[in-house]
Amino acid sequence: MPKISVVGAGNVGASAALYAAEAELGDVMLVDIMEGVAKGKALDLLEAGPIRGYDAHVEGSGDIRAVAGSDLIIVTAGLPRKPGMSRLDLLKANADIIRGVAEAIRDHAPKAIVITVTNPLDVMTYLLYRITGFPRERVIGMAGVLDSSRFRTFLADEIGVSVEDVQAMVLGGHGDTMVPLLRYSTVSGIPVERFIPAERLAEIVQRTRDGGAEIVKLLQTGSAFYAPAASAVQMAESILRDKKRLLPVAAYLDGEYGLRDLYLGVPAILGSGGMETIVQLELSPEEKSALARSAEEVRKGISDLALEPATR
Ligand SMILES: NC(=O)c1ccc[n+]([C@@H]2O[C@H](COP(=O)([O-])OP(=O)(O)OC[C@H]3O[C@@H](n4cnc5c(N)ncnc54)[C@H](O)[C@@H]3O)[C@@H](O)[C@H]2O)c1
């Protein structure tokens, strides 16, 4: 069995551990600075196995060195934004957490493929890439699968068709600056624009951009976790089972889409090598400028990290 570590046993982490165990993707190690939370949730998940019929081992630890020997690591450790906290405060707090986690992964799990979930997503994934020194194939971020899943949900609901038949592709940063590609969003191959008038489609795009905030407003005490966890596990499955799924992921760009030295959402093929190929699409002038705006936002976050210039 492959070893999957999930760092951060909070809402997203514990749900990812559950989905990974249910899919029997591997044995799961749940790690959290709150040792009891990691161990308690792991034991609880293990005890659900006989009922749910999964045969994965689930273990918890308060020691980050427990990631040793992992084939794949999902990083969800981080603080949620609290009232009164600025975007920059959150970025700095989560960067401190990700630095420590990345150093531990570099030292104890040097062969792992890493999927980051912690926000601000594109910036934290970049930080993890820089600190581990891993090749870009082995450090990817989860955002596009979630954004496109939200988009697919709303489209299916609007058109009155099964979500199974709705495909969508989004580019760009997570959330506000997401760039949906309507031409590539279809119902069984038929562009969604054939089913939904432009003004209504624009509203659905906006609801998708605000998808995270919509859930925060409802929950009051936290942010979305089932769909985010399911998204990270879908990426993990494509890698561990070498399925070569083509999914929107945050990938390190090295000239693709005319951009360099940042993470941004693009379509990519995920297989046993991790992020194996970035698929480059022809973009319209509007899509290009939306992507450039998105990249600008991410660059701002990266400069807030105040890292030494990249040496590779
Ligand atoms: N990329 C996305 O689309 C997406 C979607 C949802 C959530 N998120 C992000 O994922 C992160 C986790 O969200 P959540 O709802 O699970 O939060 P949560 O507060 O429920 O869980 C976070 C966990 O991280 C743990 N933690 C903190 N520092 C740690 C460290 N150094 N080592 C190990 N564990 C540590 C905490 O103890 C806590 O249990 C947040 O940053 C959130 O914004 C991203």
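1. A polar contact is a pair of N or O atoms within 3.5 Å; within protein, one must be able to donate a hydrogen and the other to accept it, and residues adjacent in sequence count only if both atoms are side-chain atoms. A polar side-chain atom of H174 is 2.8 Å from an oxygen atom of the ligand. For N119, a polar side-chain atom lies 3.0 Å from a ligand oxygen, and a polar backbone atom of V12 is 2.8 Å from an oxygen atom of the ligand.

2. The model is predicted: local features need pLDDT of at least 70, side-chain atom pairs count only at pLDDT 80 or more, and totals for chains, interfaces and linings use all residues. Residues are numbered from 1 along each chain as its sequence is written, and side-chain values use heavy atoms, with hydrogens and water left out.

3. The shell around the ligand (residues with a heavy atom within 4 Å of it) has 24 residues, of which N11, V12, D32, V117 and H174 come nearest. By class, 14 are nonpolar, nine polar and one charged; Gly counts as polar here.

4. One cavity of 30 Å³ or more is present. A cavity is a set of points on a 1 Å grid over the protein atoms alone where a 1.4 Å probe fits but cannot get out, and lining residues have an atom within 4 Å of a point. The largest cavity holds about 50 Å³ of space, its volume being the space filled by probe spheres set on the points. It is lined by 13 residues, with A143, G144, G172, G173 and G265 closest to its centre.

Technical notes. 1 Å grid on protein atoms, 1.4 Å probe; cavity = no way out; pocket = protein on both sides within 12 Å on 5 of 7 lines; lining within 4 Å.
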